[in-house]
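Good morning, colleagues. Please look at the model on the screen while I take you through selected parts of it.

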Amino acid sequence: MNGPREPIGVIGTGYVGLVTAAGFADLGSDVFCVDIDEAKIELLRRGEVPIFEPGLAEVLSRNRERIHFSTTLEEAIAGARLLFVCVGTPATYAGDADLSAVNAVVEAMPASSEHALVMKSTVPCGTGRAIQRSFSEQGKDALAYVSCPEFLKEGSALADFRKPDRVVVGADSDSWAAEAVAALYEPLGAPLVRTDVASAEMIKLAANAFLATKISFINEIANVCEETGANVLEVARGVGLDERIGPKFLSAGIGYGGSCFTKDVSALKLLAANSGYHFQLLGSVIEVNELQKRRVVAKLARHLGVLAGARIGLLGLAFKPNTDDMRGASSLVLAARLAAEGAHVRAYDPIATAEALRVMPELDCAQRVEDALEGADAVVLVTEWPELVALDWQKVAAAMAGNVVIDGRNALDPVAVRAAGLIYEGIGVG
Ligand code: UGA
């Protein structure tokens, strides 16, 4: 060790990797970051940050001396005992988690009794056991293995790092590496869940699946509210005050997005199926979410009559505010469905336009919000960015050709929208 705090290696410099690196460097650790993407490492060495995450650039910059970037593992292996694996585990075509990046790291690990692989990437339950088996086959039995799942949310990732609800450390009961990982997190003062590897893996999947279930549940309640005249905002408030339920993740909208819920719910469902169990509930959670993204199209058709030729402004593209992440974004389904109906879609997002065009190159993106509003027959709030929530609705009304506003996040002030002579429709708010 070369300082008062344990140095660490971080393999993979995506959201999880960079936030882990920044967070631990800020706590005083030397951090050796590794990524196979040379262009990304070059960028990071120059002090640029390839993703948008509030505060991340500042924290990386103030810890420049402590954070080292490389495209190979040597420096990390020489400088740290704990090697945090933060590589992507996207869904395969079959919907399971694609572990090829994880497996490449496993192959590259040294046969060392002084090192530990600390798994931060979200992996199916059973992966740790399989990796330990493969270490054994490769003569790397001495290498320690720890599961330490990450629970950060994009957009508030650094705050989540500093104030986690809990830290989960899964390893064999006599693991030195588990002690070392727990010690690293100790200054954060969070409850520690010290458990076995399989349970740690399942905690992560179950947490995401439960949160997604909560969202699909409130979305279905919202849909029933629309039929019965109840208001989902009132219902969520009344229900959420029950301490057993809690107020969080009860915001109805146009469906959850992001890479994690979409991927992890499907991965858990298939993990169950692969081991012979039919996880019925999660099938419904996924289906409700897919239908929820499409319900807006029906709402627009009800107001506008035919969608062919209609001009629709999409306000926001990212899967949630404070991120440029477009993975699993509801806007992608909405834009594609509207285009298929023959509507002209013009979208605006304060940050995510470049990412959106990478995923959907044919999308018509406006540089300014005014250009997405100009001449629109209807606008849909897709992402509740503060600047979109704060729009001057009198000006919006003057710019639009039509008068329909669909609030896909229940984030706008219906009184202000209606006062501008516009028709307001939210999700489950009557
Ligand atoms: C989610 C989890 O919240 C994190 O704990 C977890 O670490 C992460 O996945 C992961 O596995 O990496 P994230 O995807 O960044 O985090 O975003 P969330 O803030 O959870 O939002 C996910 C989606 O749900 C967004 O599209 C959001 O708009 C939607 N949402 C959220 C709702 O529709 N209603 C709600 O009440 C809450």
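**A walk through the model**

Let me begin with A318, which is found in the loop between strand 9 (311–315) and helix 13 (330–340). Please bear in mind throughout that this is a predicted model.

Is A318 buried or exposed? Its relative accessible area is 2%, and the cut-off for a buried residue is under 20%, so A318 counts as buried. Leaving aside residues up to four places away in sequence, A318 touches T323, D325, M326, A329, D349, A352, T383 and W385. A318 and W385 are 67 residues apart along the chain, and their C-alpha atoms are separated by 9.2 Å.

A329, one of the residues touched by A318, also deserves attention. A329 lies in the loop between strand 9 and helix 13. With a relative accessibility of 2%, A329 is buried. Its contacts, again without residues up to four places away in sequence, are G258, L317, A318 and F319. A further relation concerns Y256: A329 and Y256 are 73 residues apart in sequence, yet 7.8 Å separates them in space, C-alpha to C-alpha.

I turn now to N219, whose place is in helix 9 (residues 197–228). The relative accessible area of N219 is 0%, so this residue is buried. Which residues does N219 touch, not counting those up to four places away in sequence? They are S251, A252, G253, G255 and Q292.

The next topic is the aromatic residues. The structure holds seven aromatic pairs. In one of them, the rings of F24 and F84 have centres 5.7 Å apart and planes at 45°; a pair counts as edge-to-face over 60 degrees and as stacked under 30, so this one is tilted. The pair links distant parts of the chain, with F24 in helix 1 (residues 15–26) and F84 in strand 4 (residues 82–85), 60 residues apart. Both F24 and F84 are buried.

F24 also pairs with Y185. Here the ring centres are 4.9 Å apart and the planes stand at 70°, so the pair of F24 and Y185 is edge-to-face. This pair, too, links distant parts of the chain: F24 is in helix 1 and Y185 in helix 8 (residues 176–185), 161 residues apart. Y185 is buried, as is F24. Together, F24, F84, F161 and Y185 form one aromatic cluster.

Let me close with the protein as a whole. How many helices and strands are there in the protein? There are 18 helices and 14 strands. The radius of gyration is 23 Å, close to the 22 Å that the globule rule gives for 430 residues, so the protein is as compact as a globular protein of that length. Along its principal axes, the C-alpha trace spans about 70 × 50 × 40 Å.

Buried residues make up 52% of the 430 residues. Among contacts between residues at least 6 apart in sequence, 74% join residues at least 24 apart. As for the surface, the protein exposes about 19000 Å², of which carbon and sulfur atoms supply 54%. Finally, there are 39 positive and 55 negative side chains, and the centres of these two sets lie 3 Å apart.

Methods:
Residues numbered from 1 in each chain as written. Predicted model: local features only at pLDDT ≥ 70, side-chain atom pairs only at ≥ 80, totals over all residues. Heavy atoms only, no water. Helix = DSSP H or I, 4+ residues; strand = E, 2+ residues; numbered from the N terminus. Rg over C-alpha atoms; globule rule 2.2 N^0.38 Å. Buried < 20%, exposed > 50% of the residue type's maximum accessible area, 1.4 Å probe, protein only. Contact = heavy atoms within 4.5 Å. Areas by Shrake-Rupley, 256 points an atom, 1.4 Å probe, with all protein chains shown as cover. Lys, Arg positive; Asp, Glu negative; His and termini not counted. Charge placed at Lys NZ, Arg CZ, Asp CG, Glu CD. Phe/Tyr/Trp six-rings, centres within 6.5 Å; stacked < 30°, edge-to-face > 60°.
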